[in-house]
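Please look over the sequence and the structure shown below. The paragraphs that follow lead through its charged side-chain pairs.

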Amino acid sequence: STQSTWDIQMLLGLLNIVKLIIMAFSCCITSTTPRIDENEEEGSKFLPAQGQKFKGIKNLGQTCYMNAILQCLIGTRPLEKELEERKEYTSEYPFHATLQSIFVSYRQAEVEFQPSAMREILTTIDRKYAENKQEDASEALNLFLDKTLDEEVKKENKKFGNTLLGRIFGANIATRTICTDCKKINWKAEDHLIIPLSMIKPTGIIKKMDNESLADVNGKIYCLPNKHSAPDSKSIEAVFSDFLKEEIAQECKCDSCNKIVPLRIERFILHAPEVLILNLRRYTSEHNKTYKNADLIKITPTISLDPYMMMEDSDEKKKAETFKYSLYAIVEHTGETANSGHYMAYVKSGQEWYHLNDIAVEASTIYKAARSQAYIVFYERVHEEDAQFYLHQFIPVSYTHLTLPT
């Protein structure tokens, strides 16, 4: 009996040890699991399952092009913040109202999001979007953003930079043209929501003159940046650098001397956006056929516009600014033409990356995103005072004061 008592005590001791191990393990799990502040204004009701920011989007019939660009827009923090803070748009602003309702209904969807509203608003631009056929994601995004911006420009007589989208995505690029005959210099500034980058390298590159540091533009003196080449010729930085390099355009008409002569053309960034959208123009048409440049372009996690910024010489505060950006979204395209194949998205939330393929949502990595067949690339500007944001997990804002359209 003494042996039996000893065996029971040993068994009880072992059970207590196992219980303590289980309790300790449970505490570790609880302490490392991200928690949403209970005082957050109903923010958790808009969190998808398992706490993920992103949900799948239903394919309505070859609408992967639309789903991919929607996922990237939904992952755009400055746009989400602006829409959340604004009062609800009325029917007088159908494009703004659609964009706002998409953010609301996406958050409220339990399993997957139904993008019917986006398809309907695109159909008001062009009836082709009502058909079940593949379309160019870049063209659809351009059309949607342009029409949304035009609402404010036309209805409120706002300038490009004062509109909702202009404040977020608006870039201003200055183009300098120099006639090789009469030497006349002309400047032209253009606003862009999306910057198109050709995959064909410019020809006739000219090295910038050493003494060419200042430029007179409409009576204002600007400092010209000291441009440099990207270290990796197969990176998006290199493609962007090529877009801004000086080149020779043959057989062009000079507006000053009216002669057909070669022109020196160079671009600079006059105003940098909060969100930089770059479109890699992979497609060229020849003899009624479209060809795709399928070269792998390395998408760098950060990009700097500092080497390309053109600043007023007298604006010391502006000259002290930095223009650095962090990658957060990519529209990927697989296939031979922009109107065929398949579109998917990689989007970042906090420190996590997701691969979004219509209704499928999978955890991913920046390494997979950077080596994808990138077509449209999204970068968000990092301000020095906001740099710490990237060390924290993103929690979506709430939309409790907005209602869904009936």
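**Salt bridges and their surroundings**

Lys 128, with a relative accessibility of 18%, counts as buried, a word that here means under 20% relative accessible area, whereas exposed means over 50% and partly exposed lies in between (1.4 Å probe, protein chains only). This is a predicted model, in which local features need pLDDT of at least 70 and side-chain atom pairs count only at pLDDT 80 or more, while totals for chains, interfaces and linings use all residues. Residues are numbered from 1 along each chain as its sequence is written, and side-chain values use heavy atoms, with hydrogens and water left out.

Side chains of opposite charge can pair when their charged atoms come close. Lys 128 forms a salt bridge with Glu 135, their closest N and O atoms lying 3.7 Å apart; the term stands for a side-chain nitrogen of Lys or Arg within 4 Å of a carboxyl oxygen of Asp or Glu. Glu 135 is buried too, its relative accessible area being 3%.

Another such pair is made by the side chains of Lys 245 and Asp 242, at 3.5 Å from N to O. Here Lys 245 is partly exposed at 23% relative accessible area, and Asp 242 is buried at 12%. Salt bridges with shared partners also join Lys 128, Glu 135 and Glu 139 into one network.

Across the whole structure, a search finds 19 salt bridges. One of these connects the side chains of Arg 167 and Glu 82, at 3.0 Å from N to O. Arg 167 itself is partly exposed, with a relative accessible area of 32%.
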